[in-house]
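The following paragraphs guide a reader through one part of an assembly of chains. Please keep the model in view while reading.

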Amino acid sequence: MAFTAPLATARSATDIPTGRLATWWVVVSEIVIFGGLVVCYIMFRLHHTDWAEHASHTSTTAGAFNTFVLLTSSLFIVLAHQAASARDLKKAFRYIWFTIGGGCIFLVVKSIEWTNEISHGYTLFTNNFWSFYYVTTGLHGLHVIAGMVIMAIISIGVKKGEHLPRVEYIGIYWHFVDIVWLFLFPLFYIAK
Amino acid sequence: MTMAESTAATESSHEVHHHKEPDFWSKYVFSTDHKMIGMQYMFTGIVMALIGGYMAYVFRMQLAYPGEHVPGFGTVTPLAYNSLITNHGAIMIFWVAMPILIAALGNFLIPLMIGCDDMVFPRINRLSYQIFLISVIVLISSFFVPGGGFGGAWTAYPPLSAQSQYNLTPFGAPLWLLAVALEFVAFLLGGINFITTTMNARAKGMKMYDIPIMVWMIVIASLLFMASVGPLIAGAVMLLFDQTLGTTFYNPENGGDPVLWQHLFWFFGHPEVYVVLLPAMGAVAEVICVFSRKKLFAYKTILYTTFATGILSFFVWAHHQFIAGIDPRMAHVFTVTTVIISIPIAEMLFCYIATLFGGSIELRTPMLFALAFLAEFLIGGVTGIYLGSSGMDIYFHDTYFVLAHFHYTFFPIAIIGFFTSIYYWFPKMFGRMMNETWGKIHFWGTIIPFNCIFLPLFVLGMAGQHRRIYNFKNFPDLATPDLHNLRIFATWSAVVMLVFQIPFMINFMVSIFRGKKAGKNPWKANTLEWTAPSPPPHGNFKELPVVYRPPYEYSVPGREKDYWPQNEPN
Amino acid sequence: MSQEHAHPNYIKIWAILTFLLFVSIVGPMAGIQAVTLITAFGIAVVKAAMVGAYFMHLNIEKRYVWYMLFTALIFLGLFFFGTSPDVLKAEGTNWVNPSPEQAHAETDGGGSHH
Ligand code: HEM
Ligand SMILES: [Cu+2]
């Protein structure tokens, strides 16, 4: 049975389109999830002053490069949104895939980093610093992957000119994932 | 054309669709209709309540007759006892109170009460139920893995919960945690739907203060849930890693901190009690207005108070940890905030009582349950103030006094609140009335035994009886005949109460098929759900309603009828 | 649709962000802790605010969306302040009560004092 959206979806008593409003709520709920993890990490970090030594074994170069990659991919997805609202479907489609490409590069760099660290003996079990490092960046990585999958699905619609506002919604989510990284970067890489 | 105008245009040209009769699967199993999803949540919740009730029966029998054969279960081993109390608590809170009060009522009522045809994201709604169902399956299967179900208490404190050499359930513990985490995801998805729907999809003309209290309560509860559960989800991931992989987030030997989990748990856990409380308060508000034919006293005050309570509920969590070795200065702070939070709750109860004052009260079954809610919850709240004082809590913590306290809050919420709602909205859900006489028998058969169970437990708690003990015969101080007779009395009261649920179930099932036809508005109520046919068809309303006034205009002077539906122009 | 808003020059914002990233890496190289904290975390906040304002369009979004997000952060701060007195002080011995032993030690060693 084909699904028809209810009239409720099109209503907008707040003047914010329903999809975007829901995206904001998703972001709120994600803020407390990531935030909870980060707050736990910060408390441990302040308590265990010896963690600075461990933090110096993460690669600032790789972290910085990945920050750059994510910032650039954020630029691409906002350009995709701009193109989509101008109904330039081809351009929107292209920028979405540039963003996905950015996500790929991010993940590749991340996995090289992990391999490097594990081969130097810094694993999930070395101590709680490394446990936090792997759990937090791993959770972030899962969000990157989820974002890429959703973008790929949305891009199909964009090609047909359907559901264009979704480009904006996934953009908001992607920027959020970017912002999370903006904080993980100093927390795990710079502060020593 | 702005968004709002374009919707108005499409809505006015909207005609009632004549759907083909959908097949069984898409109608009952994979439905996206909010009412069907609400029913799915409700029936799953009822089944879980039966499982949780059965567990309570088994461990109460063990406490009254330690070591003896329990009819319908067998002999209770210490490990089984731990698992039974753990899963009883977890089931009643996460798989009964949450799905029934928030998910079932929220799904069924929100679109109807705000006058739209469905949730704004019906498919996410369906996904939410499906994830919830998976969490149920994971939980139930965790009882049957080697080692049995998790037995580290519903609060899952490490190191007991984190290391299988302590809890002896290497598979049960992670599965339990996974089930809880899945359940959280399901309710996050559901909550986002509730909030967005209420914010955006209200009927034309329905302004902020025209929203029924029930809807407000569910939305505020969803907000509280969303804001409090995040850190615990992160904490649950950490605990899962500790359990299954051997990380040491909560293990002090390697620099971890078990008290961190307690903070994470109660930072969620205390707001959670308000998450389930608020929808019950909402249902009670609707019922007392209708059955005393009076306007809700101080609608706005109740609303603001609810917001205040919600915010305050984030400031009290460490009152559960007074003797966990927390910083004593923080214990002071949390004592003060805990005592403060009883003020807004009391204020709400006063507003409800003021609503009753001078009304023409009609003691139908839903009204009886609503009044019982006020009375019983009051006892729960008052005993909470004792526990909130950190000095007294040194003695009371983890005794049956605490247990009785929170059962005097949770039972009114999860059970009495549920019965209030089901007796009240049954006509809307199934188009027929439930039997009044049997309803009243069920009411007294539930309320009297309830008090007989838990009042003695206050006494036992004050005598020093600790929670989570397998066999009190091992403690000479507690094995005296006086105290033991109280235990036996409580156990038999529980059995009586469970037996009195049978008339309810029969009444429920028979009324679905044979009850008197209800018509649209059997209670002569104002809110929008009563303007839809009973049961409402797919799409709910023949014509989407427009709202002209607040929801509680009962007995307005100068009007012939003593009610004034929200959608009547005059 | 409401996304027919004017689009700012995104490339320019991206360039500023990249420049800030550069500063946040160079700053800590000075090795002064205060500078590290300000450049690393201060700039992270600025970058996040810029991404939020211009890329997520919070600058032209309804005001309360901003409040929504901020409320979530406040709750996190609350959690930090309620929890840190324990976690920051914990030597993994929250449940050990040292005072009886201390009292004991003091009575024992009372004679040898001064
Ligand atoms: C008037 C407001 C309330 C106050 C002042 C209050 C206070 C407390 C305190 C201080 C404790 C901890 C006692 C201890 O463990 O030693 C406690 C336990 C508990 N309360 Fe309340 N409470 C209130 C309302 C509620 C409500 C509305 C609910 C449920 C809906 C509730 C459910 C619980 C539960 C489940 C526990 C025990 C958790 C456990 O240890 O397993 N309380 N309460
Ligand atoms: Cu509490």
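The contact between chain A and chain C is formed by 45 residues from chain A and 45 residues from chain C. The model is a predicted one, and every value given here is computed from it.

The size of an interface is often expressed as the accessible area that is lost when the parts come together. Chain A and chain C bury about 4,000 Å² between them, and carbon and sulfur atoms account for 81% of that area. Trp24(A), Met43(A) and His47(A) together contribute 16% of the area that chain A buries against chain C, more than any other three residues.

Seven residue pairs are found in polar contact between chain A and chain C, with both residues at pLDDT 80 or more. The count of salt bridges between these two chains is one. In this salt bridge the side chain of Arg20(A) meets that of Glu61(C), at 2.7 Å from N to O.

Which elements of chain A give two or more residues to the side that touches chain C? They are α2 (18–47), α4 (60–85) and α7 (165–190) of chain A. The largest share comes from α2(A), with 15 residues. Sorted by class, the side of chain A that touches chain C holds 30 nonpolar, 11 polar and four charged residues.

Chain C also meets chain B. Here 21 residues of chain B are in contact with 17 residues of chain C. The area buried between chain B and chain C is about 1,600 Å², with 75% of it given by carbon and sulfur atoms. Between these chains the count of salt bridges is zero, while two residue pairs are in polar contact, both residues being at pLDDT 80 or more. On chain B, the elements that give two or more residues to the side touching chain C are α8 (213–244), α9 (258–292) and α11 (328–356). Of these, α9(B) provides the largest share, six residues. By class, this side of chain B has 16 nonpolar, two polar and three charged residues.

It remains to consider chain C itself. Its secondary structure consists of four helices and zero strands, so that the order from the N terminus reads α-α-α-α. Chain C has 114 residues, of which 39% count as buried. Among contacts in chain C with a separation of 6 or more, 53% are between residues 24 or more positions apart. The accessible surface of chain C comes to about 6,800 Å², and 69% of this surface belongs to carbon and sulfur atoms.

Technical notes
Residues are numbered from 1 along each chain as its sequence is written. Chains are lettered from A and ligands numbered from 1 in the order in which they are written. This is a predicted model: local features need pLDDT of at least 70, side-chain atom pairs count only at pLDDT 80 or more; totals for chains, interfaces and linings use all residues. Side-chain values use heavy atoms; hydrogens and water are left out. Buried means under 20% relative accessible area, exposed over 50%, partly exposed in between (1.4 Å probe, protein chains only). Contact means heavy atoms within 4.5 Å. Accessible areas come from the Shrake-Rupley method with a 1.4 Å probe; for residues, only the protein chains shown count as cover. Buried area is the accessible area (1.4 Å probe) that two parts lose on being put together, summed over both. A salt bridge is a side-chain nitrogen of Lys or Arg within 4 Å of a carboxyl oxygen of Asp or Glu. A polar contact is a pair of N or O atoms within 3.5 Å; within protein, one must be able to donate a hydrogen and the other to accept it, and residues adjacent in sequence count only if both atoms are side-chain atoms. Ala, Val, Leu, Ile, Met, Phe, Trp, Tyr, Cys and Pro count as nonpolar, Asp, Glu, Lys and Arg as charged, and the others, Gly among them, as polar.
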